[in-house]
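Thanks for coming, everyone. Please look at the sequence and the model on the screen, and then we will walk through a few parts.

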Amino acid sequence: MRSTDPKMVRLVLALDRMERALANPDALGTRLRHAVSDLQLAAAGNAAATAIVASLSTCVTWVEHDGESFQEAVQAHMDALRWTISIGGGADSSAALRVMIGALRAMVRSLSLRDGNGPTLWPDEAFGTPDHGGEAGQSSLPPV
């Protein structure tokens, strides 16, 4: 990467650490959790990256680490972060990011609930869209 933006460089370096942690797992998953923590710090200030890392954190916390689906889910999050870094922003990319973040969350939710041990609460409003897959819009209820 040839960026002069220190935040982007930090995010790429944190992604590289995440890839190393994924390639060299330890029995307790400590390396992976530390790598996610590094990503959380590096993503601060970037709403899309923060939302993707939050979903990745949920994945690392609630999905069994020994399955192929876990590896694929983590890789999907890392690819999404790299793409987010590469696009830089803009109105067109914002819509794509919303859809991608929703898909990542749905994947993690599905994997975590598959074994019946996933979280019971999911945040509803991160990165400006509902997390339940529904459309954001006006309520039909009258104002209170």
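Is Thr-84 buried or exposed? Thr-84 counts as buried, because its relative accessibility is 7%. For that term, buried means under 20% relative accessible area, exposed means over 50%, and partly exposed is in between, with a 1.4 Å probe and protein chains only.

A word on the source. This is a predicted model, where local features need pLDDT of at least 70, side-chain atom pairs count only at pLDDT 80 or more, and totals for chains, interfaces and linings use all residues. Residues are numbered from 1 along each chain as its sequence is written, and side-chain values use heavy atoms, with hydrogens and water left out.

Back to Thr-84. It sits in helix α4. Helices here are DSSP runs of H or I with at least four residues, strands are runs of E with at least two, and both are numbered from the N terminus. Setting aside neighbours within four places in sequence, Thr-84 is in contact with Asn-46, Ala-48, Ala-49, Ile-52, Leu-97 and Met-100. Contact means heavy atoms within 4.5 Å.

Now the helix pair. Helix α3 covers residues 47-62 and helix α4 covers residues 68-87. They pack at an angle of about 170°, and their axes are 10 Å apart. α3 and α4 are therefore roughly antiparallel to each other; the cut-off for that word is an angle over 145 degrees. From α3, the contact includes Ala-48, Ile-52 and Leu-56. From α4, it includes Phe-70, His-77 and Thr-84. By class, this contact has 12 nonpolar, three polar and no charged residues. Nonpolar covers Ala, Val, Leu, Ile, Met, Phe, Trp, Tyr, Cys and Pro; charged covers Asp, Glu, Lys and Arg; the others, Gly among them, are polar.

Next, helix α1, residues 6-23. It has 18 residues. From first C-alpha to last it reaches 26 Å, close to the 26 Å expected at 1.5 Å a residue. That expected span is 1.5 Å times one less than the number of residues. Which residues of α1 are buried? Among them are Met-8, Leu-11, Leu-15 and Leu-22. Their cover includes α2 (30-43), α3 and α4.

Leu-13 is also in α1. It counts as partly exposed, because its relative accessibility is 43%. Leu-13 and Asp-38 are 25 residues apart in sequence, yet 9.3 Å apart in space, C-alpha to C-alpha.

Asp-26 lies between α1 and α2. At 25% relative accessibility, Asp-26 counts as partly exposed. Beyond its neighbours within four places in sequence, Asp-26 is in contact with Arg-31 and Leu-32.

Finally, the whole chain. It has five helices and two strands, in the order α-α-α-α-α-β-β. Of its 144 residues, 36% are buried. Among contacts with a separation of 6 or more, 60% join residues 24 or more positions apart.

Terms used
Axes are lines fitted to C-alpha atoms, for helices over the stretch in contact, and angles run from 0 to 180 degrees between N-to-C directions. Angles under 35 degrees count as roughly parallel, over 145 as roughly antiparallel, 65 to 115 as roughly perpendicular and the rest as oblique.
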